[in-house]
Amino acid sequence: MRLKADMKILIVDDFPVMRKLVRAALKEIGLINTVQAKSGLDAIVRLEEGGVELVISDWNMPELDGLELLKWIRSSGRFKHLPFLMVTARGQRENVIKAIQTGVNNYIIKPFTAQDLEAKIAQVFAELAQESSPPADQA
């Protein structure tokens, strides 16, 4: 699946170097329209500004962590269907399960490559497209 080059992506991480690495990986795969947030609370402000089509968030952050941000998004009328990719060092099975139960669209464990990120993002949008298209017998 080909990703939209101008898709607006919100990168959420409290560590500036990690935000820069995610941004660089996105740029490497042709996705250059990014905004950044240093916490879940900051991310909500960015979301309210509008236009975000994908959230890529760390889990561990002060103020409002990635899982709490995901819960807020899923409970929001305006943003509940927004694709959400968790990028975190939390690779334990129970963390992955908790994120899935909360409504994460995909999960990537640090460290990762630009190709890993591209594959996960493509998978998210392919699954969303499949969910939104009618069954073959109804098309």
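**Exercise 1. Work out which strands helix 5 lies across, and how helix 5 runs relative to strand 5.**

Step 1: Helix 5 covers residues 114-132 and lies across strand 3, strand 4 and strand 5. Helices here are DSSP runs of H or I with at least four residues, strands are runs of E with at least two, and both are numbered from the N terminus. Contact means heavy atoms within 4.5 Å.

Step 2: Helix 5 runs at about 170° to strand 5. Axes are lines fitted to C-alpha atoms, for helices over the stretch in contact, and angles run from 0 to 180 degrees between N-to-C directions.

A quick note before going on: this is a predicted model, where local features need pLDDT of at least 70 and side-chain atom pairs count only at pLDDT 80 or more, while totals for chains, interfaces and linings use all residues. Residues are numbered from 1 along each chain as its sequence is written, and side-chain values use heavy atoms, with hydrogens and water left out.

**Exercise 2. Find the strand order of the sheet and name its edge strands.**

Step 1: Two strands pair if DSSP finds at least two bridges between them.

Step 2: Strand 2 (34-37) and strand 5 (106-109) each pair on one side only, which makes them the edges. From one strand to the next, the twist averages 20°.

Step 3: Now pick out one pair. Strand 3 (residues 54-57) and strand 4 (residues 84-88) run parallel and are joined by three bridges. Val55 stands opposite Phe84 in strand 4.

**Exercise 3. Describe how helix 2 starts, what its buried residues pack against, and what follows it.**

Step 1: Go to the start of helix 2. A side-chain oxygen of Ser39 comes within 3.3 Å of the backbone nitrogen of Leu41.

Step 2: Helix 2 (residues 40-49) has Gly40, Asp42, Ala43, Ile44 and Leu47 as its buried residues. Buried means under 20% relative accessible area, exposed over 50%, and partly exposed in between (1.4 Å probe, protein chains only).

Step 3: Those buried residues pack against strand 1 (9-12), strand 2, strand 3 and helix 3 (66-75).

Step 4: Just past helix 2, Gly50 has a positive phi of about 95°.

**Exercise 4. How many salt bridges does the whole structure hold, and which side chains do Asp42 and Arg46 meet?**

Step 1: Searching the whole structure turns up six. A salt bridge puts a side-chain nitrogen of Lys or Arg within 4 Å of a carboxyl oxygen of Asp or Glu.

Step 2: Start with Asp42 and Arg46, which meet at 3.5 Å, N to O. They sit four residues apart in helix 2, so about one helical turn separates them. Asp42 is buried at 14% relative accessible area, whereas Arg46 is partly exposed at 23%.

Step 3: Arg46 also meets Glu49 (3.4 Å, N to O). Glu49 is exposed, with a relative accessible area of 54%.

Step 4: Elsewhere, salt bridges with shared partners link Asp13, Asp58 and Lys110 into one network.

**Exercise 5. Explain why the salt bridge of Lys4 and Glu53 ties together parts that are apart in sequence.**

Step 1: The two side chains meet at 2.5 Å, N to O.

Step 2: Lys4 is in the segment before strand 1 and Glu53 is in the loop between helix 2 and strand 3, so the pair ties together parts 49 residues apart in sequence.

Step 3: Lys4 is partly exposed at 46% relative accessible area, and Glu53 is partly exposed at 27%.

Notes:
A polar contact is a pair of N or O atoms within 3.5 Å; within protein, one must be able to donate a hydrogen and the other to accept it, and residues adjacent in sequence count only if both atoms are side-chain atoms.
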